[in-house]
Amino acid sequence: MIRCERLSATVEGSLVVFLIGMRINKLWKVHKWWPVAQAMPRMLAELQARPGLGMLGGEMWFGRTTILVQYWRTLDQLLSYAKDRDAMHLPAWKAFNQSVGSSGDVGVWHETYSVPDGEYE
């Protein structure tokens, strides 16, 4: 169980914290960053509709650099979602690589932290 209150949480067991962000480097290239920005809400809706996938919750901050902090039950569940051919992540990642690639118009980054039981107080 996870309960978030003003950036604090009560958790039973281990926890995975996943940070993912998008930085718009060329604001005028809306055709490059808009599809990237639209992919995340669809993935979040999918994850909320299917709690068995393992995402416990999250919080997002918007701006030129947008960041989403997600809480996952296990690292295996996070990685399974990332690789799931029937989920929305892989098509979104493929579209990003085909459209943006390494142009630098939009940057996407992520960090993953696995927190063992009892080490997050």
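Helix H1 (residues 30–49) and helix H3 (residues 89–99) have axes that come within 10 Å and cross at roughly 170°. That angle is over 145°, the cut-off for roughly antiparallel, so H1 and H3 are roughly antiparallel to each other. This is a predicted model.

**Helix pair**
- H1 contributes Lys32, Val36, Ala39 and Met43 to the contact.
- H3 answers with His89, Ala92, Phe96 and Ser99.
- By class, the contact of H1 with H3 holds 5 nonpolar, 2 polar and 1 charged residues.

**Strand pairings**
- Strand S3 (residues 15–24) and strand S5 (residues 65–72) run antiparallel and are joined by 8 bridges.
- Within this pairing, Gly21 stands opposite Ile67 in S5.
- S4 and S5 also run antiparallel, with 6 bridges joining them.
- Gly57 has Tyr71 in S5 as its bridge partner.
- A hairpin of 3 residues leads from S4 to S5.

**Salt bridges**
- The whole structure contains 3 salt bridges.
- One of them joins the side chains of Asp105 and Lys26, at 3.3 Å from N to O.
- Asp105 lies in the loop between H3 and S6, and Lys26 lies in the loop between S3 and H1. The pair therefore ties together parts that are 79 residues apart in sequence.

**Confidence**
- The mean pLDDT of the protein is 83. Of its residues, 88% reach 70 or more.
- Confidence is highest in helix H2 (residues 75–83), at a mean of 93.
- Confidence is lowest in strand S1 (residues 2–5), where the mean is 48.

**Recap**
- H1 and H3 cross at roughly 170°, and their contact includes Phe96 from H3.
- S5 is joined to S3 by 8 bridges and to S4 by 6 bridges.
- Asp105 and Lys26 link two loops through a salt bridge.

Methods: Residues numbered from 1 in each chain as written. Predicted model: local features only at pLDDT ≥ 70, side-chain atom pairs only at ≥ 80, totals over all residues. Heavy atoms only, no water. Axes fitted to C-alpha atoms, helices over the stretch in contact; angles between N-to-C directions. Helix = DSSP H or I, 4+ residues; strand = E, 2+ residues; numbered from the N terminus. Parallel < 35°, antiparallel > 145°, perpendicular 65-115°, else oblique. Contact = heavy atoms within 4.5 Å. Nonpolar A, V, L, I, M, F, W, Y, C, P; charged D, E, K, R; others polar. Pairing = 2+ DSSP bridges. pLDDT = per-residue confidence, 0-100. Salt bridge = Lys/Arg side-chain N within 4 Å of Asp/Glu carboxyl O.
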